[in-house]
Amino acid sequence: MTGTPGATTPTDIELDSSGRRMRFVWADGRRSDYDWEYLRWRCPCATCSGEGEFAGELQTRKELRPDETEMVDLELVGRYAVKPTWRNGHDTGIFTFRNLRALAEQDDLLRDASSA
Ligand SMILES: [Zn+2]
């Protein structure tokens, strides 16, 4: 599926504050909605997820504080990624479109764009 043309290109990205979700519509006609807390647990930055021999901070956490899981801003990074800013100021995690699409496929988050 990741080889499908358009599968890693979003045509629409929306930060849904009331639903606490980040919504993606992909160029291949699928859509995926990501729960904020789901994304926060998967923050790919070195501090959260670790790097090399260093364990990430999230590997020792059982739960996250509310200010850590509230997305207050979402920025495009070039043409390949988005960077959320979380309420507690954390903004070093860059989620590439490729990774987001892979997460959606792995965790069954893909829907047809026409369905609600
Ligand atoms: Zn992080």
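**A hairpin, a sheet and a core**

Mentor: Start with a pair: Asp16 stands opposite Arg21, a residue of strand 2. This is a predicted model, where local features need pLDDT of at least 70 and side-chain atom pairs count only at pLDDT 80 or more, while totals for chains, interfaces and linings use all residues. Residues are numbered from 1 along each chain as its sequence is written.

Trainee: What counts as a strand, and when do two of them pair?
Mentor: Helices (H or I, at least four residues) and strands (E, at least two) are DSSP runs, numbered from the N terminus. Two strands pair if DSSP finds at least two bridges between them.

Trainee: How many bridges join strand 1 and strand 2?
Mentor: There are 6, and the pairing is antiparallel, with strand 2 covering residues 21–26. Ile13 has Phe24 in strand 2 as its bridge partner.

Trainee: What sits between those two strands?
Mentor: They form a hairpin with 4 residues between them. Arg20, in the turn, has a positive phi of about 50°.

Trainee: Which order do the strands of the sheet take?
Mentor: The order is 1-2-3-7, in an open sheet of 4 strands with antiparallel pairing. Strand 1 (10–16) and strand 7 (110–112) are at the edges with a single partner strand each, so one side of each has no neighbour in the sheet.

Trainee: New topic. Which residues have the most contacts inside the largest nonpolar core?
Mentor: Met22, Phe24, Leu39, Met71 and Leu100, in a core of 13 residues. Such a core is a set of buried Ala, Val, Leu, Ile, Met, Phe, Trp, Tyr and Cys residues joined through C-beta atoms within 7 Å. Strand 2 gives the most to this core, with 3 residues.

Trainee: Is Trp26 buried or exposed?
Mentor: Trp26 counts as buried because it has 22 C-beta neighbours inside 10 Å. The cut-offs are 20 or more other C-beta atoms within 10 Å for buried, 12 or fewer for exposed, and partly exposed in between, with C-beta atoms placed from the backbone.

Trainee: And what does Trp26 touch?
Mentor: Leaving out residues up to four places away in sequence, its contacts (C-beta atoms, placed from the backbone, within 7 Å) include Gly6, Pro10 and Arg101.

Definitions and conventions:
Two residues are in contact if their C-beta atoms, placed from the backbone, lie within 7 Å.
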